[in-house]
Amino acid sequence: MGRMSGPYLIRGSVSLPEAELMWRFSRSSGPGGQHVNTSDSQVELRFDLAATEALPEVWKARALERLASRLVNGVITVRASEHRSQWRNRETAAVRLAALLAEATAPPPKPRRPTKIPRGINERRLREKKQRAETKRGRQARDWS
């Protein structure tokens, strides 16, 4: 079918090292064609995040912390079985892993600096609130007797 379209960029110039990717193939579940029970089209991609040298230490520590619930002995696993072809499932799994690592290694967002509400805006709000109360008070039924 052709060569895979790697390297898969995580962020900047850092990409997934082809040598550190562990592939496993098995039969996909669900409906298929005539050779559905003989072709191994489901792909399981494993990447040893704890032992990799491809990521900078800061990124690796961040990813290990953020993906802790998904890791098994420091290894992250991604499955793909959407397509009937193994090659397309390999592409999907690799892209999914790269996106997962990109999100996990992203720097934390800058803390929000609270802003002060300008005095004029607050005064206008209170003035409108008083006007509204006055309008409602004018609607109340009065006993004129």
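Guide: Let's start at A104, which is buried, with a relative accessible area of 5%; buried means under 20%, exposed means over 50%, and partly exposed is in between, using a 1.4 Å probe and protein chains only. Before going on, a word on what you're looking at: it's a predicted model, where local features need pLDDT of at least 70 and side-chain atom pairs count only at pLDDT 80 or more, while totals for chains, interfaces and linings use all residues. Residues are numbered from 1 along each chain as its sequence is written, and side-chain values use heavy atoms, with hydrogens and water left out.

A104 belongs to helix α2. Helices here are DSSP runs of H or I with at least four residues, strands are E runs of at least two, and both are numbered from the N terminus. Setting aside residues up to four places away in sequence, A104 touches R62, A63, R66 and L67, where contact means heavy atoms within 4.5 Å.

Now zoom out to the two helices. The axes of α1 (residues 57-66) and α2 (residues 86-105) come within 8 Å and cross at roughly 100°; each axis is a line fitted to C-alpha atoms over the stretch in contact, and angles run from 0 to 180 degrees between N-to-C directions. That makes α1 and α2 roughly perpendicular, the label for 65 to 115 degrees, with under 35 being roughly parallel, over 145 roughly antiparallel and the rest oblique. From α1, W59, R62, A63 and R66 meet E103, A104 and T105 of α2. Sorted by type, the residues of this contact are 3 nonpolar, 1 polar and 3 charged; Ala, Val, Leu, Ile, Met, Phe, Trp, Tyr, Cys and Pro count as nonpolar, Asp, Glu, Lys and Arg as charged, and the others, Gly among them, as polar.

Next, look at how α1 is sided. W59, K60, R62 and A63 are its buried residues. They span an arc of only 165° around the axis, so they sit on the same side of α1; the arc is that of the directions from the helix axis to the C-beta atoms. As background, an α-helix has 3.6 residues a turn, so residues three or four places apart point the same way. The buried residues of α1 are covered by parts including β1 (9-11), β2 (14-15) and α2. On the face turned away from the buried side, you'll find the exposed residues E57, V58 and E65.

One more neighbour is worth a click. L49 lies in the loop between β4 (42-48) and α1, and at 0% relative accessibility L49 is buried. Its contacts beyond four places in sequence are L55, K60, A63, L64, L67, L71, G74, V75 and L101. The C-alpha atoms of L49 and K60, 11 residues apart along the chain, are 7.2 Å from each other.

Of its 145 residues, 29% are buried.
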